[in-house]
Amino acid sequence: MTKISTGKFSLEDLENVQITINNIVGAIETKAEEEGIETGPTPKPGVSGLREWDYKLLSRYQPVYTPVCDQCCYCTYGKCDLGGNKEGACGIDLGTHQSREFLLRVITGAAAHSAHGRHILHHLIGIHGKDHPIDVGPSNLFAPNTQLVTGIMPKTLGDLEEVVAYVEEQLMQLLSTIHVGQEGSALDFESKALHGGMLDHVGMEVSDIAQISCLGMPKSDPEAPLAEIGMGCIDSTKPVLLVIGHNVAGITYIMDYMEEQGLNDKIELAGLCCTAIDMTRYKTEDRSQPRAKVVGPMAKELKMIRSAAPDVIVVDEQCVRADVLDEAKKLFIPVITTNEKIMYGLSNRSNDTADQIIEDLSSGKEPGALILNFDLLGEVAPRLAMKMAPIRDAKGIKSLPSDEELRTLTSACVQCGACELVCPNNLPIMNAMVAAVDGDLTKFEKLHDHCIACGRCDPVCPKDIPILNVIEKAAQKVIREEKGKMRAGRGQISDPEIREEGVNLVMGTTPGIVAMVGCSNYPEGTKDLFTVANEMLQRNYIVVVSGCSAMDLGMYKDEEGQTLYEKYPAKFLAGNLINVGSCVSNSHITGTAIKVASIFAQRNITGNFEEIADYIMNRIGAVGVAWGAYSQKAAAIGTGCNRLGIPVIVGPHGSKYRRALIGKPYNEEDWKVYDARNGEEMPIPSSPEFLLTTAETIEELMPMIAKNCIRPSDNNMGRMIKLTHYIELSQKYMGHMPEDWYKFVRIETDLPLAKREELLKILEKEHGWEIDWKRKKIISGPTMKLDVSAQPTNVKRLCKESVC
Amino acid sequence: MTKISTGKFSLEDLENVQITINNIVGAIETKAEEEGIETGPTPKPGVSGLREWDYKLLSRYQPVYTPVCDQCCYCTYGKCDLGGNKEGACGIDLGTHQSREFLLRVITGAAAHSAHGRHILHHLIGIHGKDHPIDVGPSNLFAPNTQLVTGIMPKTLGDLEEVVAYVEEQLMQLLSTIHVGQEGSALDFESKALHGGMLDHVGMEVSDIAQISCLGMPKSDPEAPLAEIGMGCIDSTKPVLLVIGHNVAGITYIMDYMEEQGLNDKIELAGLCCTAIDMTRYKTEDRSQPRAKVVGPMAKELKMIRSAAPDVIVVDEQCVRADVLDEAKKLFIPVITTNEKIMYGLSNRSNDTADQIIEDLSSGKEPGALILNFDLLGEVAPRLAMKMAPIRDAKGIKSLPSDEELRTLTSACVQCGACELVCPNNLPIMNAMVAAVDGDLTKFEKLHDHCIACGRCDPVCPKDIPILNVIEKAAQKVIREEKGKMRAGRGQISDPEIREEGVNLVMGTTPGIVAMVGCSNYPEGTKDLFTVANEMLQRNYIVVVSGCSAMDLGMYKDEEGQTLYEKYPAKFLAGNLINVGSCVSNSHITGTAIKVASIFAQRNITGNFEEIADYIMNRIGAVGVAWGAYSQKAAAIGTGCNRLGIPVIVGPHGSKYRRALIGKPYNEEDWKVYDARNGEEMPIPSSPEFLLTTAETIEELMPMIAKNCIRPSDNNMGRMIKLTHYIELSQKYMGHMPEDWYKFVRIETDLPLAKREELLKILEKEHGWEIDWKRKKIISGPTMKLDVSAQPTNVKRLCKESVC
Amino acid sequence: MVDTTKNTMIYTTWGTRNAKPVQPLVAAKLISKAKRPLLVVGADVLESDVLSKAIELGKKGMQIAATGHSMQGFKDQDVNAKYINIHFLATYLGDKTWKGLDGLGPYDLLIFLAHKKYYLNQVLSGLKNFTDIKTLAIDRHYFQNADMSFGNLKPDDHLAALDELISNL
Amino acid sequence: MVDTTKNTMIYTTWGTRNAKPVQPLVAAKLISKAKRPLLVVGADVLESDVLSKAIELGKKGMQIAATGHSMQGFKDQDVNAKYINIHFLATYLGDKTWKGLDGLGPYDLLIFLAHKKYYLNQVLSGLKNFTDIKTLAIDRHYFQNADMSFGNLKPDDHLAALDELISNL
């Protein structure tokens with residue numbers, strides 16, 4: 001029997017016909033078989049496909065709801081008051097509604113990433129064809145999330161279409177359950193949310209591997225070049241072309257046009273959010289200097305626009321402020337929308353000539369244009385920037401107050417407190433106003449870093465003080481100094497790197513991976529991020545970053561004037577700092593964990609989600625930190641990590657995601673697994689203690705990270721290292737010895753070497769353990785034994801048959 | 001060159017291999033060409049594909065926002081107070097947020113239908129294969145919505161997969177725009193909502209034509225059989241098996257098992273919501289008596305359960321109360337969930353034996369089970385019902401109070417008013433309590449009809465009176481009389497019917513189509529629906545119904561004891577009453593309008609949305625009425641009608657959908673179109689006056705319907721008929737002559753014959769028109785001319801080139 | 001005298017802004033001061049004793065916008081009542097170019113009577129957030145989305161309050 | 001004496017139920033009456049003069065749950081303070097089997113001091129809707145999701161209010 005596979009074929013009896021076969025029933029299994037790979041039990045799982053695994057997670061890590069609203073307004077029976085966990089008109093109670101709301105955020109986030117993926121994939125196939133090979137660097141395992149979830153091992157762009165279609169189908173199933181009168185169980189909504197989170201990582205992976213393969217982005221390159229970052233690095237003496245968004249597809253045409261026309265030095269090309277990151281990745285696989293500068297994440301959008309520096313703004317999709325057009329109009333900055341997701345009500349000029357569009361926009365006849373034709377966009381945006389700069393200069397457009405005006409404005413403040421009440425962080429604006437009247441701008445400078453530039457303060461001021469502009473003006477000195485470096489996103493971790501580092505991770509001798517991801521809604525300013533990363537890097541953790549966090553981290557320098565990107569190398573090794581890339585590159589972080597299971601531990605990952613998640617949860621000491629998480633995307637990313645058994649900590653604002661997944665260390669029966677060698681139950685340490693939770697301050701956060709990197713598989717060296725950091729970080733930042741440190745001690749060699757004797761004394765005195773002081777050995781006390789060959793698992797079917 | 005088409009093929013050089021080709025690039029266009037059909041400009045439109053059309057609609061029918069909440073809680077920057085149309089932290093203002101919220105409701109509804117479609121299509125392909133032909137009755141135009149939107153002319157089940165995939169892709173694009181930081185324009189969100197509404201009708205159509213083709217449902221049959229309906233028709237002396245939901249796939253296995261085992265007479269099989277409708281359609285294409293009884297729509301769910309009559313409850317998906325399991329548990333009724341969308345946290349028993357499951361459920365060991373294996377379900381549900389009935393009898397389970405208890409309970413009422421405050425309709429419960437103490441139950445009987453059985457009253461009573469049970473008990477007499485008939489859904493309107501009736505519709509001599517659809521959240525009880533339908537049928541309107549409305553309409557009888565279904569025939573002719581079927585059958589209503597354009601007017605519909613919508617808006621006098629619309633699905637259905645130019649009126653609760661689309665008749669410039677013959681502008685009557693609005697009472701509703709059936713294409717006979725009804729209905733129900741009737745008069749023959757002289761006098765006296773009293777002719781006055789050969793269009797490109 | 005400000009109990013909230021509860025006398029003063037008041041009367045007027053009060057109010061010279069089918073109640077009464085759908089009314093009120101039911105220009109105070117609570121609250125939500133027009137509810141429910149409203153009243157108290165209001169016009 | 005009930009201005013609302021504003025004296029009585037009160041102190045205590053008040057409260061015998069890194073402030077102070085993450089605390093409080101920070105059983109009153117407003121309001125939202133535990137906020141913001149709370153106060157007034165509270169314990 002002739003085997004047919006997907007691809008293009010010519011057949012003799014069908015002259016001149018080329019058939020493209022896209023799908024063959026059972027093809028996933030067949031292909032896997034051919035390559036000697038067994039397909040696991042759940043390729044392309046449906047909504048209930050991994051429900052049993054979810055229930056395992058949810059029985060230990062129970063959902064905790066903190067509603068943002070006690071009411072439901074989904075349907076016209078309502079709105080309903082669910083306060084006190086009452087039922088609404090459809091019979092849903094508040095807890096279940098919160099789980100539904102959480103699911104909605106997760107699938108909204110997953111849809112944002114996956115719709116981005118669908119868009120860019122469609123675009124790239126249009127240029128490069130379906131047969132364009134996927135090339136992400138020195139890896140055989142191209143698409144770990146995709147292969148794990150769908151069983152598909154994509155080789156070409158075309159292969160990715162089936163993957164996206166699966167994600168779309170599943171997301172629609174999930175969206176349908178948001179409808180009134182669907183799921184009535186909070187736990188099943190939670191399982192659905194976990195499903196959505198998993199899909200998100202597949203969607204992100206498709207987006208990023210497609211663009212890495214086609215756009216000349218660094219391919220697993222630890223030496224990816226450094227880009228300039230910060231508002232201070234933008235040279236506004238040149239025409240400034242500002243790009244905002246997350247999808248670089250159209251922007252590459254602008255960059256190519258500028259290159260071809262020799263405009264790279266004539267125009268200041270600056271980017272905000274992940275499009276900026278991807279601009280620094282575009283055509284830098286040869287390690288050449290990125291052609292664009294990065295302004296920063298969403299928190300800089302309004303500040304950058306209000307600076308009046310941009311001469312043209314181009315937006316694509318995601319994390320773009322809804323008021324960009326309104327704000328830009330006031331400063332005579334034309335806005336070009338380039339993506340169906342954001343059109344701002346602008347006329348579609350996709351079929352007009354560049355000259356017509358430039359004329360209408362530069363004359364002010366139209367405030368902007370929708371241009372979906374990227375060739376046209378590539379020409380219009382730079383030419384318009386060149387034309388607008390002198391026009392706007394001539395008009396003397398400015399936004400920020402003069403020094404004189406600053407004094408007048410700050411004096412006008414009547415200390416009513418309205419601004420502080422509406423400020424998301426309740427920042428002390430009144431004090432800064434008072435100080436500024438006396439010429440002291442330091443309080444405003446501090447505010448500038450804490451301020452996320454949301455603009456909620458402006459309209460509530462009874463004295464019409466443009467508060468945000470005042471902050472920005474008062475902080476000009478520090479803004480000018482906002483110049484840093486960010487390593488262009490390197491993409492995936494390569495297979496050889498996994499081979500080298502896997503054992504250290506699983507044994508715990510590399511103390512853990514800290515993935516600092518997500519947005520910039522920080523409780524106390526961006527510097528906190530630097531502080532955490534610096535501390536953990538010095539302690540030899542692998543710090544992986546992406547998106548907003550990757551940007552913000554580059555804004556600060558140590559005493560020697562170095563950014564962390566300059567200070568630390570970017571290999572997948574202990575003490576390295578890795579920027580994987582933009583928001584969709586987050587898939588490489590989960591991908592890394594999957595790769596460890598596959599490459600280091602030789603587990604079959606194909607369509608084998610449960611086993612791999614179980615492996616990761618029990619053996620890989622990774623903790624996600626989304627300190628400034630604001631968006632639905634961050635909720636999706638975190639939830640995708642959770643289904644894989646990776647715990648995530650969000651900042652205090654994250655409590656507004658409505659639910660956390662928190663375990664109860666005091667319930668001993670929750671902290672048991674099977675030993676796969678014989679199916680016997682074995683106790684494990686209560687780590688990770690949660691799958692999703694919040695922390696209040698970075699001082700609380702750091703020991704939490706260290707503690708929650710502890711895993712049952714740690715060998716004694718690994719446990720000792722992890723425990724050392726946990727204790728040291730608690731002492732350094734919290735001022736105390738943690739209460740529960742002893743619970744992680746199995747044997748005296750688990751104890752930090754330098755303090756061993758001291759700690760043995762405490763164990764004896766405070767916890768009643770028996771110590772053999774001669775040999776400095778623990779005789780009795782620990783509830784767990786050290787047994788490195790134990791195979792901890794939560795999944796009974798993975799145990800050797802003899803016992804389970 | 002050999003042509004390849006989709007289908008199964010054997011190729012000589014590939015022995016024993018059968019290739020299934022699913023997609024060929026450019027296939028839509030190629031196939032259409034082969035069949036001599038030109039593909040229109042927008043097959044498979046993307047999010048912006050029909051934006052220009054939407055903007056035309058939205059410039060006349062502007063969005064009006066009535067927020068249900070002044071706040072936004074999408075992201076962790078918030079929650080934000082947008083009150084007074086302020087901007088939130090992301091820059092979005094309240095109006096734009098409302099448009100986003102509306103979009104979210106629409107895509108949630110569309111997803112519910114389409115995910116249902118994907119599920120049942122997958123299921124039916126699994127049984128019947130991809131090549132199973134689509135057969136919906138005497139039609140060549142099988143799938144009008146599908147063909148109009150996607151350009152695909154599906155012939156087989158397999159062809160529908162591509163259609164669903166398109167819907168899924170587009171819905172994900174739309175869902176992604178719900179994310180913070182996407183669209184910033186309310187009008188573009190509105191355009192996206194219209195896109196979602198259009199997709200909904202495609203998704204519904206796929207669902208229904210798939211099931212019609214495979215499940216033996218009536219195929220465009222005007223003589224589809226009558227089913228029994230109403231709580232009063234349920235015989236609870238037998239074991240009662242109650243089915244709730246919208247997706248009949250699994251239930252057919254129960255029905256087949258009962259048939260095979262001769263259980264039809266032994267078990268009372270009753271259904272709630274659209275699954276019930278589809279149960280009456282299942283295998284009744286031979287016009288045999290439906291095997292299931294219909295209880296009614298969602299408003300009967302809690303009442304039916306609280307009656308304690310069901311011995312087993314089986315739920316599938318959509319419009320199922322979230323508290324079914326909790327309520328059933330209290331009455332020892334086992335619940336079986338059968339669909340991933342609703343699993344209620346129950347153990348998955350899909351791989352267990354029927355005996356095991358029946359044992360665990362009948363013993364009370366488990367309150368229910370998740371069974372995704374339909375063969376197993378088919379056996380378990382009936383057997384369990386047989387087993388439960390005697391067990392529950394023996395336990396003497398009852399829920400409703402005795403007569404004695406009723407008196408005690410009603411006497412306990414302290415008239416605090418808490419129940420009336422929480423009641424969605426603020427029903428006068430206190431008065432009914434007082435009357436009941438005196439033995440007068442009539443007020444409760446009236447309440448029973450007005451009460452939607454949401455149960456919000458129960459938990460707030462300070463005296464713990466189970467208010468809903470009191471209402472149900474007190475209304476036992478009327479409940480026992482709730483016995484009616486409903487014609488089983490007949491499916492599409494056939495091509496021959498369109499040929500016969502098309503001209504009457506377009507010329508207006510059939511006064512209009514009233515589509516009464518949607519849910520049962522009525523402001524004043526279900527009888528209102530009957531009143532409206534009866535009135536309009538007597539006036540020769542075509543009344544089309546579906547879903548909840550189709551059910552509720554069957555509950556009432558006229559003076560002679562006949563239901564409307566018995567009284568009026570069901571052909572597509574003036575004065576006929578047509579039940580198309582369940583919720584997904586709503587696609588046949590829009591499909592009918594598309595068919596008129598295609599079959600009667602010979603317009604090309606393939607991928608030609610704008611032209612057809614333009615045709616429908618200007619020529620087909622159809623008005624949708626969703627008097628009790630509660631759900632996101634109803635929002636989607638209505639919005640899909642709107643994009644096609646069909647206006648929709650919802651009841652007062654519909655104001656909670658947050659936005660209406662309402663025109664301004666006083667702005668003359670809004671009411672102009674082109675005459676396609678020469679491109680000249682021509683004035684048109686301000687009808688439809690809105691695309692989506694609310695009405696306060698049915699008395700207001702009826703003249704609104706009549707008036708908004710007026711179209712520019714009416715001939716004088718048609719206009720006269722429509723005007724007659726408008727005036728008569730205003731006088732009958734509102735007690736007045738409408739103020740604007742004269743605006744619709746072009747020529748004296750437009751005037752109602754019986755009142756012509758009287759009206760001419762008014763025109764002369766009050767409006768200053770010149771009348772030739774000898775010939776009884778209008779000499780001057782009208783702003784419009786009668787010109788039946790005019791070709792009204794809103795789309796410039798459709799005009800003859802000479803002028804436009 | 002009825003205290004119409006006592007019971008402002010609500011079941012759900014739209015946001016932080018709620019109607020100011022007013023006494024009949026204050027409501028009367030507001031109406032008297034208004035240059036172009038419009039009394040918007042809903043169909044619930046037909047089911048209660050409120051109709052006579054609405055007619056009395058109309059006879060004080062106020063124009064009546066009769067929503068739903070409340071026109072039935074004003075037939076052959078000597079009041080200036082015109083039918084309009086309340087959703088349309090709210091739409092036109094948001095349009096600064098609209099000249100009013102009588103073509104004489106915009107209104108400066110809307111007074112609401114005899115409406116379904118959930119429905120009017122929605123209409124008021126639109127007016128509150130997107131227009132500057134002052135709204136006053138003199139119904140027997142507390143309408144939190146109005147600028148000013150009576151509290152929740154028993155039917156008899158409501159009639160008494162309307163009498164007091166009317167006598168002070 | 002400071003009136004701590006005056007300013008209860010809020011920016012957004014969760015629903016219809018809001019904290020009852022309390023005076024320091026009333027708060028003191030509530031605490032005195034409680035059998036197992038728990039003082040939950042956030043990390044903001046380290047940035048202000050409130051720390052000394054928190055320590056004074058602790059010295060009155062109340063157990064302190066030190067959230068964030070507020071433990072730094074209680075080091076070597078003679079108070080019974082234990083670190084716990086506030087989200088964990090709220091989780092455990094929802095579990096009737098939890099024995100408290102000291103193993104002695106459930107608490108009957110939670111008193112909150114020195115927290116980020118938005119964060120604590122979320123934690124309180126969970127407690128309000130899913131537990132029966134009484135909550136009292138004695139912070140300088142009005143915490144609408146507590147059962148009882150001080151209103152919005154200026155820093156000096158807040159310190160004075162705490163003094164009054166402490167002196168009445």
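**Exercise 1.** Find Ser220(B) and decide: is it buried or exposed? Then work out which residues it is in contact with, leaving aside its neighbours within four places in sequence.

*Solution.* Keep in mind that this is a predicted model.

Step 1: locate the residue. Ser220(B) sits in the loop that runs between α6 (186–214) and β6 (226–229) of chain B.

Step 2: check the accessible area. Ser220(B) has a relative accessible area of 5%. The cut-off for buried is under 20%, so Ser220(B) counts as buried.

Step 3: look around it. Once you set aside the neighbours within four places in sequence, Ser220(B) is in contact with Val136(B), Gly137(B) and Pro138(B), and also with Arg490(B), Gln492(B), Ile493(B) and Ser494(B).

Step 4: zoom in on Val136(B). Its backbone oxygen is reached by the side chain of Ser220(B) at 3.3 Å. A polar contact needs N or O atoms within 3.5 Å.

**Exercise 2.** What rotation superposes chain B on chain A, and which residue of chain B comes closest to the axis?

*Solution.* Rotate chain B by 180 degrees, with 0.0 Å of shift along the axis, and it lands on chain A with an RMSD of 0.0 Å. That's how a two-fold axis relates its copies.

Step 1: find the axis in the model. Going by C-alpha, Glu168(B) is the residue of chain B that comes closest, at 2.9 Å.

Step 2: ask whether the copies use the same surface. Of the interface residues of chain B, 99% are also interface residues in chain A, so the two copies do meet through the same surface.

**Exercise 3.** How much area is buried between chain B and chain A, and how many salt bridges are there between them?

*Solution.* Step 1: get the area. About 8400 Å² is buried between chain B and chain A, and carbon and sulfur atoms give 57% of it. On the chain B side, Thr76(B), Tyr77(B) and His179(B) lose the most area to chain A, together 10% of what that side buries.

Step 1: count the residues. Chain B puts in 104 residues, and chain A puts in 104 residues.

Step 2: go for the charges. There are 2 salt bridges between the chains. In a salt bridge, the side chain of Arg118(B) meets that of Glu169(A) at 3.7 Å, N to O.

Step 3: Chain B and chain A have 60 residue pairs in polar contact. As for elements, α3(B) gives the most to the side of chain B that touches chain A, with 11 residues.

Technical notes: Residues are numbered from 1 along each chain as its sequence is written. Chains are lettered from A and ligands numbered from 1 in the order in which they are written. This is a predicted model: local features need pLDDT of at least 70, side-chain atom pairs count only at pLDDT 80 or more; totals for chains, interfaces and linings use all residues. Side-chain values use heavy atoms; hydrogens and water are left out. Helices (H or I, at least four residues) and strands (E, at least two) are DSSP runs, numbered from the N terminus. Buried means under 20% relative accessible area, exposed over 50%, partly exposed in between (1.4 Å probe, protein chains only). A polar contact is a pair of N or O atoms within 3.5 Å; within protein, one must be able to donate a hydrogen and the other to accept it, and residues adjacent in sequence count only if both atoms are side-chain atoms. Contact means heavy atoms within 4.5 Å. Copies are superposed by least squares on the C-alpha atoms of residues with pLDDT of at least 70 in both. Buried area is the accessible area (1.4 Å probe) that two parts lose on being put together, summed over both. A salt bridge is a side-chain nitrogen of Lys or Arg within 4 Å of a carboxyl oxygen of Asp or Glu.
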